[in-house]
Amino acid sequence: MEGELKELLSDIKTLKNSLPDRSQYALIENGQGSVQKSGGFVKNFIVKCSIQDMNAEVVDSNPYSRLMALQKMGIVDNYERIREFSVAIVGIGGVGSVATEVLTRCGIGHLLLYDYDTVELANMNRLFFRPKQAGLTKTDAAVQTLSDINPDVVLESYTLNITTVRGFETFMSSLRNKSFCSSKDGCGVDLVLSCVDNYEARMVVNQACNELNQTWMESGVSENAVSGHIQLLIPGKTACFACAPPLVVASGIDAHTLKREGVCAASLPTTMTTRWELLPGLLVQNTLKYLLKFGHVTPYLGYNALKDYFPTMEMKPNPQCSNSACLERQKEYALAKPARDAAAKAKMEAEAPSETKCLHEDNEWNIRFSAGGYHPRASKCR
Amino acid sequence: MEGWDSTTKSTLTQIPLLSVKAGPRDGAAWTQRLKEEYKALIAYTSMNKAKDNDWFRISAANPEGTRWTGKCWYIHNLLKYEFDLQFDIPVTYPATAPELELPQLDGKTQKMYRGGKICLTVHFKPLWAKNCPRFGIAHALCLGLAPWLAAEIPILVDSGMIKHKDDASSSNES
């Protein structure tokens, strides 16, 4: 329709120029103005429509062209698989909301959002929410924004407090629900991201994931907003959130680790730069690596903004963890070890022979590779 | 127990400790825990009455005992201020303490989270964790709510944020 309006405009111009009688010019210019306005109106209505398949064509109108490039460059095998994945994000605040936006723009299949808070002007120092959304629940505001950005993503939102008994039951059943992709084993979601701002909620997510044997990632920003971290938790394999809680106390412990992160208005300093923007980026990057199986999925990555220090580490589970579900998962993980080792061995054996595959059938110039001794990589053909 | 005043400390040591480590999802064990909770609450309330400091009333709002409501009082300058009190038992109880709420004061003080949840001192959580599962609702009230009222109500009254119910005013809190 835009094209037709453009044509109309150019026809009017031609007509105007051909008129010897200038007295009609004002009328014609009015008409031109109206057509131009309509053109602007129409442009605003060009809504992104849902698509069937992700295509890799590099054209302006393809929202996935830059993402599919990851596949073309050999970083990711089959990027389109992202449409099969389901990610639950608990906490749609400074970190969570940005994470949902990044995943939405990446074309994730299904997002489940959980938060019971409302958008306020005090939230405007962080990305994502807009001032005119103040008063809406964070979940409603998020769905509003995200569905506009990418209608291909299936959005499910829950405005509830997961720490109450009823909230927890709804939380658990929503994670188990396989209506998005019934062929998944285990839960209906592939990953849970915890972007909450308090210890209690993290413990609840930990409890749920331990019971459901669900891998999850936890993120946090310190109360003074100058450091943050992301952590990968695999029940039974890595430490769970209760394995080494910040509350393991000898008397005289520094209680700073226990403070609520970023909620108590009294103790929150003016949160400046860093973390809100960086942390969701780190979190989603780790998420994509985990889901699409490329790169190294970090078990823990910290960020100290003042020193630009990024520590990493691995935390093993605590055999005396206070969480009984964690202990059960640890037992199961240990029992499954022989099966894992056998599978790893088989995989290595399957990969080895291809390295001695001949690259060239002929060797016209009789080029030889000479090494000190037998070298499995040195093909005789080279 | 550094950081607590001596009255709180001495009161706390007299409240019976609980033994059953069970949360609201643990069926019969939770029923046992609830019995212990009531015992401790009754003991604590009797102690308060004996010291002429009966400052709260709470009861379970549902048969499962996962939601509690009631009232609490604080006396400042010879006037008694009364507030509604409510809280849910979190699913990870007793590892995590209940979040005590005073909904009428929501938005009036910075020492409060959304919905009126009181902001506890830095000393509360380590002590709670160290003593899990021995501490229960009575201990949370003694260690959490009582010091909070003592710290915040005088400030709120003196600054005019809350008014006694006898002061005729359209925006008064009882």
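**Figure 1. Contacts and fold of chain A in a predicted model.** In chain A, residues 24 or more positions apart account for 61% of the contacts with a separation of 6 or more; contact means heavy atoms within 4.5 Å. Chain A has ten helices and seven strands. Helices (H or I, at least four residues) and strands (E, at least two) are DSSP runs, numbered from the N terminus. Of the 382 residues in chain A, 44% are buried. Buried means under 20% relative accessible area, exposed means over 50%, and partly exposed lies in between (1.4 Å probe, protein chains only). The model is predicted, with local features needing pLDDT of at least 70, side-chain atom pairs counting only at pLDDT 80 or more, and totals for chains, interfaces and linings using all residues. Residues are numbered from 1 along each chain as its sequence is written, chains are lettered from A and ligands numbered from 1 in the order in which they are written, and side-chain values use heavy atoms, with hydrogens and water left out.

**Figure 2. The contact between chain B and chain A.** Chain B brings 23 residues to the contact, and chain A brings 27 residues. The two chains bury about 2300 Å² between them, and 62% of this is on carbon and sulfur atoms. Buried area is the accessible area (1.4 Å probe) that two parts lose on being put together, summed over both. Tyr113(B), Arg114(B) and Lys125(B) supply 27% of the area that chain B buries against chain A, more than any other three residues.

Figure 3. Two salt bridges are counted between chain B and chain A. A salt bridge is a side-chain nitrogen of Lys or Arg within 4 Å of a carboxyl oxygen of Asp or Glu. Glu211(A) and Arg25(B) meet through their side chains in a salt bridge, at 2.8 Å from N to O. Three residue pairs, both at pLDDT 80 or more, are in polar contact between chain B and chain A. A polar contact is a pair of N or O atoms within 3.5 Å; within protein, one must be able to donate a hydrogen and the other to accept it, and residues adjacent in sequence count only if both atoms are side-chain atoms. On the side of chain B that touches chain A, the largest share, four residues, comes from α3(B). The residues on this side of chain B divide into ten nonpolar, four polar and nine charged. Here Ala, Val, Leu, Ile, Met, Phe, Trp, Tyr, Cys and Pro count as nonpolar, Asp, Glu, Lys and Arg as charged, and the others, Gly among them, as polar.

**Figure 4. Surroundings of Arg329(A).** Arg329(A) is found in helix α9 (residues 324-335) of chain A. Arg329(A) has a relative accessible area of 9% and is therefore buried. Apart from neighbours within four places in sequence, Arg329(A) is in contact with Asn210(A), Glu211(A), Asn213(A), Pro235(A) and Gly236(A). A network of salt bridges links Arg329(A) with Glu328(A) and Glu332(A).

Figure 5. The side chains of Lys337(A) and Asp341(A) form a salt bridge, at 3.0 Å from N to O.

**Figure 6. Two salt bridges in chain B.** In one pair, Arg57(B) and Asp54(B), the closest N and O atoms are 2.8 Å apart. Arg57(B) is partly exposed because its relative accessibility is 37%, and Asp54(B) is partly exposed at 25%. In another pair, Lys117(B) and Glu99(B), the closest N and O atoms are 3.6 Å apart. This pair links distant parts of the chain: Lys117(B) is in strand β5 and Glu99(B) in the loop between β3 (79-88) and β4 (112-113), 18 residues apart. Lys117(B) and Glu99(B) are both buried.

**Figure 7. Cys119(B) and its annotation.** The unreviewed UniProt entry places the feature "active site" at Cys119(B). UniProt positions are given in the numbering used here, feature names are shortened, and annotations may be inferred rather than shown by experiment. Cys119(B) lies in the loop between β5 (117-118) and α3 (124-130) of chain B. Cys119(B) is buried, with a relative accessible area of 16%.
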